[in-house]
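I would like the terms to be defined as they come up.

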Amino acid sequence: MKTAKLLAATAIVAVSGLSVSNAQADELTLCWAAWDPANALVELSKEFEAEYGHTMNFEFVPWPNFADRMLNELNSGGKLCDLLIGDSQWIGGGAENGHYVKLNDFFEKEGISMDDFAPATVYAYSTWPKGEPNYYALPAMGDANGWFYRKDWFEMPDIQAAFKEKHGRDLAPPKTQAELLEVAQFFQGREIDGQTRYGASIFTERGSEGITMGATSALYPFGFKYEMTPGKYDMEGAVNSPEAVAGLEFYKELYKTGTPPGYTDSYMEQSLDAFKSGQVAMAMNWFAFFPGLYADPDVGGDKIGFFVNPGQNREASTLGGQGISVVAYSDKQDAALEYIKWFAQPSVQKKWWDLGGYSCHVSVLSDPSFPDSAPFASDFLLAMDNVMDFWQEPAYAELLLAMQKRLHDYVVADQGTAQEALDKLIADWTETFEDEGKL
């Protein structure tokens, strides 16, 4: 996953004349990752087929292979995907390398306003350069790294009494990273219902993006930043600040003292498995999985609770989620744009949320009934108010691989100190940005 930076594409796409009014009935292929929200999108898209006459095909790739497969497709100018729901980190390369159609003229023509979508999602999923009004995707799937826990265990009287005796406070979903560690350590090795349980399942995987997505859930609240000045690549004092060092030391402590044995290479699937099998009291994972967890017959319903990523020095959550883009190499761009126009409608966005997708549309998120529409809806709103994302640079794959190595070497392989790991990371990233002509 993400083993090479995006290559420059030769195709030049003129978009000023794009229109959806004259598109004939076509077969469109939408590419995304294979997970629960993709199944919801298949169901939702049946209405598009009925309304517009196009036939929707879907290419869903398992997460461990998704980036490699899709980036290779883009880099080769392939025509498999007419529409692509790509990771937020791809937006810089998609824009600069000509992989994605710029949508500004289309949005203006069709009256689609980015003001109708949550600002954080527009910034993260759609714009390049960051924050500039140049749009290469429509916000499609809001997401962040959050937490769920065994509510039934937390409510056991003997568990509550033991925790209060030890910590002098009531056992509750943690509101700070420090409380998170206390709760994880409290459950670590504890016997419940005749079985040994553990504190938390977190992300430690090295091969793709796992440990970066997990560790930043601690680093961001502690104070880690990528730059001192946005857009200046001045990383010294941000990436390796005392607060960042403390955050990385914290994540290692959580890993060493609060996770199941042998938990050295875990990401989404392993986190879910640990929770569903009853190994852990808490687990981190993307909000995208929360509807399925709540519906799970063994650990869902009254047995499960949810909480937003705990703060520390500040409130912050690691951003997930994606925007939907029209692929520049598609021969069916008019029909693909019709899909974008259809998907952007408030009524469709409401159904998207109801089916298990995470709408980014303000009309859905600001509806007074939204916080009560699901047991994790209010936490989702809190998370999306303070999300932070990894570099979205065209060279992000190289940047990511460097962070994966430095974090895994320190947290899991027990090499060096947190300060050394972050100092080395700055050196890695400086070399990449120098090669890119950014420094």
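Strands S4 and S12 run antiparallel and are joined by three bridges, where strands (E, at least two residues) and helices (H or I, at least four) are DSSP runs numbered from the N terminus, and two strands count as paired if DSSP finds at least two bridges between them. Methionine 141 stands opposite glutamine 322 in S12. The model is a predicted one, in which local features need pLDDT of at least 70 and side-chain atom pairs count only at pLDDT 80 or more, while totals for chains, interfaces and linings use all residues. Residues are numbered from 1 along each chain as its sequence is written, and side-chain values use heavy atoms, with hydrogens and water left out.

S4 and S12 belong to an open sheet of five strands with mixed pairing, in the order S2-S1-S3-S12-S4. Its edge strands, each pairing on one side only, are S2 (55-61) and S4 (138-141). From one strand to the next the twist averages 30 degrees, with axes taken as lines fitted to C-alpha atoms and angles running from 0 to 180 degrees between N-to-C directions.

A search of the whole structure finds two cavities of 30 Å³ or more, the volume being the space filled by probe spheres set on the points, which are joined across faces, edges and corners. Among the residues that line the second largest cavity are Gly86, Asp87, Tyr100, Gly323 and Ser325.

The largest cavity has a volume of about 110 Å³. Of its 15 lining residues, Asp87, Glu209, Gly320, Gly321 and Gln322 are the closest to its centre. Because domain 1 (25-142 + 319-386) and domain 2 (143-316 + 391-434) both give residues to the lining, the largest cavity lies between them; the domain bounds come from an automatic or database domain assignment.

Helix H13 (residues 333-343) is mostly covered, with nine of its eleven residues buried, meaning under 20% relative accessible area with a 1.4 Å probe and protein chains only. The buried residues of H13 include Leu337, Tyr339, Trp342 and Phe343, together with Glu338.

Conventions
1 Å grid on protein atoms, 1.4 Å probe; cavity = no way out; pocket = protein on both sides within 12 Å on 5 of 7 lines; lining within 4 Å. Buried < 20%, exposed > 50% of the residue type's maximum accessible area, 1.4 Å probe, protein only.
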